[in-house]
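Please read the following note with the sequence and the model open side by side.

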Amino acid sequence: MDKKIVIRAMDSNDYEKVMNLWSTTEGIGLSDADTKANIEMFLNRNSGLSCVAELGEHIVGAVLCGHDGRRGYFHHLAVNTVYRGRGIARQLIGYCLSRLKEQGISKCHLFVFTNHQRGIAFWSHMGFYKRTDLNVFSKDI
């Protein structure tokens, strides 16, 4: 009997499996901000917004989702290469967008590396548009 992929809220117990997925997925930029403590803080602050795609005991997809009270944000969308092309990313995104909408958030942003053509094509296909009127600035504190 084939197992079904289940989309569910991410929790801190998923950290090791999700980190393994992210660290083996092209286009995902991990940093000191992605420690277990920081991800737990993000999940607690944005309860129920981030999600995983689970097949049995295996996490085959994941995305962080949160908001600042005005705009939603996606971080680190990843689907295991073996399971791509099955609509898993679309399901993860749909889960997050519906929960953002429930919380009164009507716009969502995300970051894609400028040289990650596959990611740019994917997000464009999903109806997201590239902003050309702003730049992202960062500072380590």
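1. A contact in this note means heavy atoms within 4.5 Å. With residues up to four places away in sequence left out, G27 touches F113 and H116. This glycine is found in the loop between α1 and α2. G27 counts as partly exposed because its relative accessibility is 35%; buried means under 20% relative accessible area, exposed over 50%, and partly exposed in between, with a 1.4 Å probe and protein chains only. From G27 to I5 there are 22 residues in sequence and 23 Å in space, C-alpha to C-alpha.

2. The model is predicted: local features need pLDDT of at least 70 and side-chain atom pairs count only at pLDDT 80 or more, while totals for chains, interfaces and linings use all residues. Residues are numbered from 1 along each chain as its sequence is written, and side-chain values use heavy atoms, with hydrogens and water left out.

3. The protein chain has four helices and five strands, in the order β-α-α-β-β-β-α-β-α along the sequence. Helices (H or I, at least four residues) and strands (E, at least two) are DSSP runs, numbered from the N terminus. The radius of gyration of the protein chain is 15 Å, close to the 14 Å that the globule rule gives for 141 residues, so the chain is as compact as a globular protein of that length. That radius is taken over C-alpha atoms, and the globule rule is 2.2 Å times the number of residues to the power 0.38. The C-alpha trace spans about 50 × 30 × 30 Å along its principal axes.

4. Of the 141 residues of the protein chain, 36% count as buried. Among contacts in the chain with a separation of 6 or more, 62% join residues 24 or more positions apart.

5. How many disulfides does the structure hold? The structure holds zero, a disulfide being a pair of cysteine sulfur atoms within 2.5 Å. The sulfur of C51 has its closest cysteine sulfur in C96, at 3.8 Å, which is too far for a bond. For C108 the closest cysteine sulfur is that of C65, and 5.5 Å is likewise too far for a bond. C51 is buried, with a relative accessible area of 0%, and C108 counts as buried at 14%.

6. On a 1 Å grid over the protein atoms alone, a cavity is a set of points where a 1.4 Å probe fits but cannot get out, and a pocket is an open set with protein on both sides within 12 Å along at least five of seven lines; lining residues have an atom within 4 Å of a point. Grid points are joined across faces, edges and corners, and a volume is the space filled by probe spheres set on the points. The structure holds one cavity of 30 Å³ or more. About 40 Å³ of space lies in the largest cavity, and its lining includes M10, D11, W22 and L43. The elements that give two or more residues to this lining are α1 and α2 (36-45), and α1 provides the largest share, three residues.

7. The second largest pocket holds about 160 Å³ of space. Its lining takes two or more residues from each of α1 (15-23) and β3 (58-67). Among the lining residues are K17, L21, H58 and Y83.
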